[in-house]
Structures are given as C-alpha cells and as structure tokens.
Amino acid sequence: MTNKSIFVTQPYLPPLEEFLPYLQTIWNRKVLTNGGPYHQDLEKQLCEYLGVKHISLFTNGTIALITALQAMGVSGEVITTPYSFVATAHSLLWNGMRPVFVDVDPQTLNIDPLQIEKAITPQTSAILPVHCYGRPCDVKAIQEIAERHDLRVIYDAAHAFGVKDAGGSILRHGDLSVLSFHATKVFNTFEGGAIISPDEATKRHIDHLKNFGFVDEVTVVASGINGKMSEINAAFGLLQLKHIEAAVARRKQIDATYRQQLESVQGITCPEPPRGVQSNYSYFPVLIEPEYPLQRDELYEKLKASNIFARRYFYPLISEFPMYRDLPSTANENLPHAKSAASRVLCLPIYPNLGDEDLDRITAVIKG
Ligand SMILES: *Cc1c(COP(=O)(O)O)cnc(C)c1O
C-alpha cells in the first residue's frame with residue numbers, strides 16, 4: 001500500500017492563475033523592490049488585517065529579528081527561551097549579544113516570568129520572549145519586569161500572525177514584535193518577515209536600517225543591512241491575504257477534529273491556548289505522557305513508517321546546539337521544564353489543504 005506523504009505543514013498556495021496578473025503588473029511597472037507599490041500596499045493591508053499601526057516588511061524573519069535588536073540599541077545579555085526555533089537565539093549572536101536562557105512555564109511552554117527576574121544582571125539589556133505556537137506569553141508580567149529593570153522587550157512573534165487577546169493584536173505588546181512569513185508559517189510570502197513598531201519614528205528608523213541606513217541619496221545614518229522585501233514577495237502576500245480567513249478557518253476545523261479524536265487516547269494531551277485568545281491554529285502540539293504505550297520517538301517513527309512526518313518542535317532545545325551548550329544558563333538544572341517538554345512534544349500536521357481522510361489516517365496511527 002502506498003500512502004501519499006503528509007508533512008507537518010504545507011505552504012498555502014492560492015491558484016496560480018490568481019497570481020499571474022500581479023506578475024504582469026510588476027513586468028509592466030518594472031519596479032522590482034525598494035518599497036514599490038505592492039510593498040506599500042501590503043504594509044497598509046497588513047496593518048488593517050492585524051490591527052496594528054506601523055509595520056516594516058522584511059526579506060525574512062531572521063533579518064527582521066536581527067534588525068529589531070539593532071533598532072533597540074540592545075547590548076550585553078538578553079534573556080530568552082531555549083524552547084524555540086534556533087533563529088531566536090542566533091539573532092543575538094549575530095548582534096554580538098549573549099543569550100541567557102531561562103526555563104519555560106510547564107503549562108504554556110512560554111518563557112516563565114519568575115525565571116526571567118532571577119536571571120537579570122547588571123549586563124542585562126533586554127528580554128526576547130517567543131509566543132510559542134502562537135500562544136501569547138504572560139505579556140503583563142513581562143512588561144512589569146521590563147519596567148522595573150529598565151529592559152527592552154522584543155517579541156519573537158514568528159508564530160503569532162493574526163493572534164488576538166482581549167485587548168486586540170498581541171503584536172502591540174513590548175517595544176517591538178517580529179513576524180516571519182516563511183513558507184511554513186500561517187501567512188507566507190515565500191520568504192518574508194516584518195517588524196511591528198509602536199510609533200512612526202521607530203518605524204522610520206527601522207525602514208532606514210533595512211535599507212543600508214540610507215535616509216536619502218547622500219545620507220547614511222546607521223550601518224544598516226539589506227532586509228527589503230521584493231515586489232514579488234509583497235504581491236504574493238497581497239494575494240495570500242485574500243485567502244487568509246478561509247485558511248485559518250480550515251486550520252480551526254482541523255484543530256477541533258484532532259481534539260475530538262484524541263480526547264479518549266490515554267497518555268496524549270493536547271495543550272490549549274489560554275482563555276480569551278483568538279488563535280491562528282498555527283501548530284498542533286501534543287505531549288506524549290508515560291501512560292501512552294509508546295515513547296515520543298517511537299510514535300514519531302511509527303507515523304513516519306506510515307508516511308506521516310510529524311515534527312518534534314522544539315527538540316533539541318536551542319541551548320543544546322554547539323554554539324550555546326557551554327553557556328552557564330544552559331546547565332541541565334536550569335531548564336527542567338523546557339527539557340521535559342522537548343522530550344515529550346510532537347507537532348502533528350496542520351495546514352489548510354489537509355483533508356479529513358488525512359486526519360483519519362493520522363489519528364488512526366496514534367490510536368494504534
Ligand atoms: C520561523 C521562525 C523564525 C525565523 O523566521 P524566518 O522567516 O524563517 O527567518 C524565527 N523564530 C521563530 C520562533 C520561528 O518559528
């Protein structure tokens with residue numbers, strides 16, 4: 001029996017015919033990049049969709065993270081989570097900053113504010129939390145700590161496109177929030193990213209930084225980088241935005257089906273987003289507990305044998321990679337909850353084109 005492969009995610013591609021007119025327009029205009037009309041339009045439409053005031057588009061989320069840290073003038077030590085994609089901490093190394101890892105909350109798997117406070121030293125200048133799986137961090141506690149110790153807060157919101165809490169977009173929290181529009185994310189521009197700024201002056205500074213520091217033809221105000229999003233990527237974003245509500249709605253159905261199907265399975269828990277959160281259903285993490293007949297890696301392999309490619313996000317922890325593992329903050333006893341989650345977690349396939357028959361296949365393997 002040959003079953004088609006099911007990956008943890010599949011990029012959302014609207015019909016090609018819908019994209020061709022955008023390409024024709026780019027060919028006619030001959031404006032390929034440097035803040036062209038599609039770029040400007042996407043910034044405007046994203047502000048409306050996300051419910052934010054100021055956004056700067058980038059070539060990818062990692063360059064956006066690196067630039068966000070530059071824009072805040074951060075230096076020395078930055079407190080962050082080991083339970084994330086490696087780009088979170090890499091953005092610190094690229095800025096010559098020292099990551100200080102602290103543990104996550106065992107329930108939310110987001111950075112634990114109590115641990116943040118304990119890790120602050122005179123060298124600490126910022127906190128870099130991640131809204132892991134798009135589930136909001138304890139933004140209130142983090143804000144209070146930041147104010148008490150005069151620290152900047154830069155949220156890695158790569159998973160959090162469109163997520164809202166009771167007060168609106170979760171991207172409004174902190175000094176800056178950074179999005180990724182990589183092909184694997186809920187909203188993609190093939191490659192892409194963005195920084196959400198609280199005010200016009202900050203956005204303008206970030207726009208200079210992503211264009212080599214140029215303010216005008218003859219004035220360079222900072223050692224900026226090239227982080228500009230091209231017109232093709234922006235055009236694809238505009239098209240993708242037309243489909244985003246339907247795409248998230250299908251994700252929501254898949255999320256509900258998994259919960260219903262897996263509810264009765266001993267030893268599989270499906271952590272839920274906090275109450276009052278409008279989710280984007282970007283990931284479907286499950287935790288494999290000792291009551292389940294297989295270990296996490298055994299289930300991962302069993303799914304693989306059925307051509308189902310779940311992913312162990314986030315295993316290994318960032319703190320276990322060679323460029324981090326000798327830091328004092330990566331000591332085993334410092335990160336018990338992150339370690340435990342990394343050993344139990346499995347992210348199941350979730351994406352708009354995942355069919356009900358695919359879901360049946362996946363849950364059948366898990367139910368054994
Ligand atoms: C995807 C991701 C990034 C990096 O974004 P790119 O657009 O791929 O550069 C950073 N942080 C987290 C948590 C991510 O998931």
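Visitor: Which residue has its charged end over the ring of F58?

Guide: In this predicted model, a charge counts as sitting over a ring if NZ of Lys or CZ of Arg is within 6 Å of the ring centre and within 35 degrees of the ring normal. Over the ring of F58, 5.6 Å from its centre, sits the charged end of K210.

Visitor: How are the planes of F190 and F236 arranged in their pair?

Guide: The ring centres of F190 and F236 lie 4.8 Å apart, and their planes meet at 80°. Planes over 60 degrees apart count as edge-to-face, so the pair of F190 and F236 is edge-to-face.

Visitor: Is F236 buried or exposed?

Guide: F236 belongs to helix α8 (residues 231-262), while its partner F190 lies in the loop between β9 (176-180) and β10 (193-197). F190 is partly exposed, with a relative accessible area of 47%. For F236 the relative accessible area is 4%, and because buried means under 20%, F236 is buried.

Visitor: How many residues apart in sequence are the parts that Y133 and Y283 tie together?

Guide: Y133 and Y283 form a tilted aromatic pair, 5.8 Å centre to centre with 55° between the planes. Y133 lies in the loop between β5 (124-128) and α6 (139-149), and Y283 in the loop between β13 (268-269) and β14 (284-288), so the parts tied together are 150 residues apart.

Notes
Residues are numbered from 1 along each chain as its sequence is written. This is a predicted model: local features need pLDDT of at least 70, side-chain atom pairs count only at pLDDT 80 or more; totals for chains, interfaces and linings use all residues. Side-chain values use heavy atoms; hydrogens and water are left out. Rings of Phe, Tyr and Trp (its six-membered ring) pair if their centres lie within 6.5 Å; planes under 30 degrees apart count as stacked, over 60 as edge-to-face and the rest as tilted. Helices (H or I, at least four residues) and strands (E, at least two) are DSSP runs, numbered from the N terminus. Buried means under 20% relative accessible area, exposed over 50%, partly exposed in between (1.4 Å probe, protein chains only).
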